[in-house]
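Hi everyone, thanks for making the time. I'd like to walk you through one model today, so please have a look at the sequence and the structure as we go.

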Amino acid sequence: MRFPSSIFVSVSLFTAETTAALYLSSTYRSAGDQIWQGLTLLFTLLASVLVQLTLTFIHRDLNRDRPLVLFLHLLQLGPIVRCLEAFCIYGSVGVVEEPYVSITKKKQIPRGGPAEEVERHVGQAEGKLFTHRAAFARTSVIQAFLGSAPQLTLQLYICVLQRGMSVGRGTLMVISLLSIVYGALRCNILAIKIKYEEYEVDISPMAYFSVFMWRGFEIATRVVVLVLFSSVLKLWVLPVVSLNFLAFFFYPWVLFWLSHSPFPENIEKTLSRLGTTVVLCLLTFLYAGINMFCWSAVQLKLSDPDLINKSHNWYRMAVFYTLRFLENALLLSLWYLYKTDFYTYVCAPLLLLQLLVAYAIGIFFMLVFYRFCHPCRRLFSSSMTQGLWDCSMLLCLSCKARSPENRLVESPEKGLKSPDASRETSDHSGYGTPNDTTFDLLDDSTYDVPNELAPGVGAETYGAIGYTVAIATHQGSQKP
């Protein structure tokens with residue numbers, strides 16, 4: 001049985017950040033900065049309350065007779081109690097005889113051959129410890145993006161306004177950044193284990209290092225960009241943040257509405273329909289908070305029984321990082337145009353370039369992780385490089401097809417025709433912008449199936465792509 005190191009790290013970060021925030025709020029109170037004191041306490045207590053509720057919900061303490069544990073959760077000491085309980089369980093292994101064991105079957109990741117199933121005996125203590133690990137993995141994500149991320153942004157903004165950094169504020173900022181990066185790392189590991197729950201997943205130290213560097217550069221750059229922009233255009237901060245947050249909050253609901261799927265009822269049997277709606281809203285709230293600062297490795301899919309999209313969508317990832325890079329560049333450009341005298345002694349062009357390069361370094365480590373360090377990369381239906389290349393080619397071909405010289409005209413006798421071609425084509429209503437089914441081509445093994453449709457891909461999609469490729473080939477043959 002593995003040592004519960006992840007539980008210890010989660011509780012250590014939670015305790016250290018809470019302690020540093022309480023100390024810093026006391027210094028704000030002494031200095032008479034009641035606004036900064038209130039916001040610092042707000043972000044600390046909000047994340048702490050959500051962590052207590054999550055631990056109570058996962059361990060089902062409301063249905064059990066444990067009043068002392070519930071009282072300690074009310075005192076915001078739940079993570080410490082759970083950590084001590086997990087270490088007691090770990091210490092009792094081999095000392096107390098377990099009444100029963102269960103047998104689980106996991107597949108090993110294939111290495112050139114078929115996957116083999118391996119039976120494994122899981123004792124009662126190991127099962128309880130697994131529940132504790134899963135609970136703290138989720139609370140680390142909540143603590144990171146609903147508490148530490150706003151806290152880090154606030155403290156860095158105060159540093160810019162006051163033109164200085166105290167020891168207490170710097171300590172809190174370092175702990176908050178570590179908490180965010182660790183929460184993003186746990187989110188990546190959680191996504192891998194959910195998507196490949198049938199396999200025995202072993203994550204290498206190099207994979208941890210790649211994800212840590214990827215998330216560190218990505219999140220630090222994002223926070224600095226938001227703070228710089230807010231320091232010169234204060235009135236535009238709220239619209240930018242609200243637009244980002246609401247877009248990611250409603251995105252899973254829009255996909256759920258378009259899928260015409262029934263309302264999820266299997267989250268928790270004891271929950272009513274209203275309770276299920278509240279849980280789903282909190283889940284999408286967390287999803288929006290994650291995407292405000294970085295790419296969420298766990299993609300929500302409310303129409304799925306597990307509420308998680310278990311397929312790799314390289315197109316969605318490519319679009320996210322492209323738009324986020326352009327957004328960061330735009331915000332930095334606006335900061336450069338409207339910067340105040342405070343930045344006189346700062347080389348603004350160099351700082352702008354450094355931030356963009358830092359974000360590009362984060363993307364580089366992301367590519368290294370998925371290409372060389374992902375523990376389940378052999379199970380990808382298509383490689384990341386091939387998927388992103390096909391995505392870019394698809395977009396280029398679609399842009400060519402929408403150009404004025406290649407527009408289609410409709411003939412009632414012969415369907416859709418190109419104005420400079422006399423051949424007859426089929427009438428495909430899906431011509432033009434690639435739909436969501438087209439993007440799923442990057443998730444399925446469609447590259448080796450030339451004569452039949454891939455699962456989940458309609459004939460309209462293949463017709464649109466085929467006609468687009470035909471137009472591009474026709475143009476290429478006419479060039480001298």
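Let me begin with a term: buried means under 20% relative accessible area, exposed means over 50%, and partly exposed is in between, with a 1.4 Å probe and protein chains only. Now the ground rules. This is a predicted model, so local features need pLDDT of at least 70 and side-chain atom pairs count only at pLDDT 80 or more, while totals for chains, interfaces and linings use all residues. Residues are numbered from 1 along each chain as its sequence is written, and side-chain values use heavy atoms, with hydrogens and water left out.

What does R82 pair with? Its side chain meets that of E85 in a salt bridge, at 3.8 Å from N to O. A salt bridge here is a side-chain nitrogen of Lys or Arg within 4 Å of a carboxyl oxygen of Asp or Glu. Side chains of opposite charge can pair when their charged atoms come close. Both R82 and E85 lie in helix 4, 3 residues apart, about one turn of the helix. Helices, by the way, are DSSP runs of H or I with at least four residues, strands are runs of E with at least two, and the numbering starts at the N terminus.

E85 has another partner: it forms a salt bridge with R66, with the closest N and O atoms 3.7 Å apart. That pair links distant parts of the chain, since E85 sits in helix 4 and R66 in the loop between helix 2 and helix 3, 19 residues away. E85 itself is partly exposed, at 23% relative accessible area.

The structure holds 5 salt bridges. Another one of them joins the side chains of E218 and R215, 3.2 Å from N to O. At 1% relative accessibility, E218 counts as buried, and R215 is buried at 1% as well.

H59 lies in helix 2, residues 34-59, and is buried, with a relative accessible area of 9%. Leaving aside neighbours within four places in sequence, H59 is in contact (heavy atoms within 4.5 Å) with R64, R82, T131, H132 and A135.

L68, F71, L74, L75, L77, I80 and L84 make a nonpolar patch of about 700 Å². Patch residues have over 30% relative accessible area and no salt bridge; nonpolar side chains (Val, Leu, Ile, Met, Phe, Trp, Tyr) are joined within 5 Å, like charges within 9 Å. Areas come from the Shrake-Rupley method with a 1.4 Å probe, and for residues only the protein chains shown count as cover. The largest share, 3 residues, comes from helix 3. L77 is in the loop between helix 3 and helix 4 and is partly exposed, at 34%.

Last stop, helix 8. Where does helix 8 kink? The kink, about 30°, lies at Y251, shortly before the proline P252; the bend is the angle between axes fitted to the seven residues ending there and the seven starting there. The buried residues of helix 8 include F248, F249 and W253, and its buried residues pack against helix 7 (205-232), helix 9 (273-293) and helix 10 (314-338). Just after helix 8, H260 takes a positive phi of about 55°.
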